[in-house]
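Here is a short briefing to read alongside the model. Have the sequence and the 3D view open as you go through the points.

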Amino acid sequence: MVTLGVVVLPGVPASAAPADLVIDYTCTSDGNTSSIVRHGAVKLRTNLTFATDLAVGGPLNFAWKLAYTGSDPNRLQSPGYFKAGGLVHATGRIKLEKDWKGILEPQGVSDPAEALRPDDELPLPELMNDPGLTNKAGVVKITPQDIELDFTPPDGPVTVNDGDDADNPSDMQIVYSGIADWTPQTGLPGSEHHVHNDLHHTTKMGAYAELKFVGTSVKYIGPTDKDAGPVNVYIDGALVSTIDPSRDADDDPVNHDLDGGKTLYTMPAQDYGQHTIRVEKATDQGDMWVDAFEVSTTTAETPTGFHKAKCSIVGTAPSVEVTIGGGTDPTDDPDPTDDPDPTDDPDPNDPDPGNPGNPDPGNNGVGDGDGLTNVVVIPQASGTTSSTPKSTGPTATKYYKAPQVAKTPSGGVETGVAPDGERHPYGLMAGGMALVMGTAGGGLLMRRRRAEHAGGAHS
């Protein structure tokens, strides 16, 4: 025997009370070594909102808000050096079953405002959206699925300098072979055209500077100088060139000191991905300087999903069933001769003059014409719950957290094994609905009567 308790909420306009599912996600690299999830799982809290007063021909829009969980320090992070203009993409998945079948994919994007370096925090897209129109009456089961995140780098170069001044810190940038091998030179005259007016200098054979980067090409920038010695250039561990900064582009010896800002080597375009450049003093003759590297990216060469991360629901995904009323077929051509007689007066004894015949309000079948929309919230585990709902005003939206657990339960849909531990069904409610609760995991049924005028009053 199932015992039902009914709580009737004050009537408000249907449009003022969308359904809102609060769902937690855990985002991981899913084995992708180039993922924007770089140093441990990232936790998100999301709100999936949609209207519940649906009828054929009306709008259907899933709005999905994303936010980092405040208590968790991990964030999405930049996978490399990029100029401003990179994009973070989010694609959600919503499964539709029963009378509607398929997968909807709300999407959103954010644009980091600043240039990026490895491990800089990336902003989440604030909203994923997927609007549409209802074109078929019926019962629709709505179940949120995984969310996929990705990053698209901007076109163009970004300079990676070896300085350590306040606005260009050296951490996580160029790696030098040893402190004893290199001497930093700062505060050099601007007339020498060095990047940030600084250099690193060595006279030791075998001393090297190395940069790991994500992109399609890189340049080695430094000065030409009459006392410079040959430099070996390695790309991804392979020797690709030996250059001599004591000679100019025509291979003639130079006769000057420290003419900075020169491109000494350009790596041919490669497939987009992680690469390493190493410049190494090739002999014990002459001097070697390192000023900067310039990393370039060609967005068109970036494979989709290269930096992706997968976000999975914590616990069990909630499902919501919405009945879409029959409404009016927008393709119907009304008969202009079939107008009601304006001289007819409504029956003063009819308690519902807007609904001739006053059909049974308990009959909520599709297309019954009574203006009712059913919303059935399906709990994902058995248990007993109680609730004391209250209205906070005609424009209030109620937020309820989906049933989630701190760890993945054993069994589930694929195995048919019941989850471990006590689980509780969750509640979803909004102003203007009647809430019916079952005590044996029977689900929550919400009926909303469409307002008969803009004020939201009900018969």
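This is a predicted model: local features need pLDDT of at least 70, side-chain atom pairs count only at pLDDT 80 or more; totals for chains, interfaces and linings use all residues.

Residues are numbered from 1 along each chain as its sequence is written, and side-chain values use heavy atoms, with hydrogens and water left out.

**The disulfide**
- C27 and C311 are joined by a disulfide (a pair of cysteine sulfur atoms within 2.5 Å), with an S to S distance of 2.0 Å.
- The count by this rule is one disulfide.
- The link of C27 and C311 is right-handed, with 105 degrees about the S-S bond.
- Since C27 sits in strand β2 (residues 19-28) and C311 in strand β22 (residues 309-313), the pair ties together parts that are 284 residues apart in sequence; strands here are DSSP runs of E, at least two residues long, numbered from the N terminus.

**Around T46**
- T46 belongs to strand β3 (residues 42-50), and T46 is buried, at a relative accessible area of 0%.
- The side chains of T46 and W64 make a polar contact at 3.1 Å (N or O atoms within 3.5 Å; within protein, one must be able to donate a hydrogen and the other to accept it, and residues adjacent in sequence count only if both atoms are side-chain atoms).
- Beyond its neighbours within four places in sequence, T46 is in contact (heavy atoms within 4.5 Å) with residues including L21, Y25, K65 and I147.

- Leaving out residues up to four places away in sequence, L149 touches C27 and C311, among others.

**The open sheet**
- Four strands make up an open sheet in the order β10-β21-β15-β18, with antiparallel pairing (at least two DSSP bridges between two strands).
- β10 (156-161) and β18 (259-266) are at the edges, each with a single partner strand, so one side of each has no neighbour in the sheet.
- Strand β15 (residues 217-224) and β18 run antiparallel and are joined by five bridges; G222 has K262 in β18 as its bridge partner.

Definitions and conventions: Buried means under 20% relative accessible area, exposed over 50%, partly exposed in between (1.4 Å probe, protein chains only).
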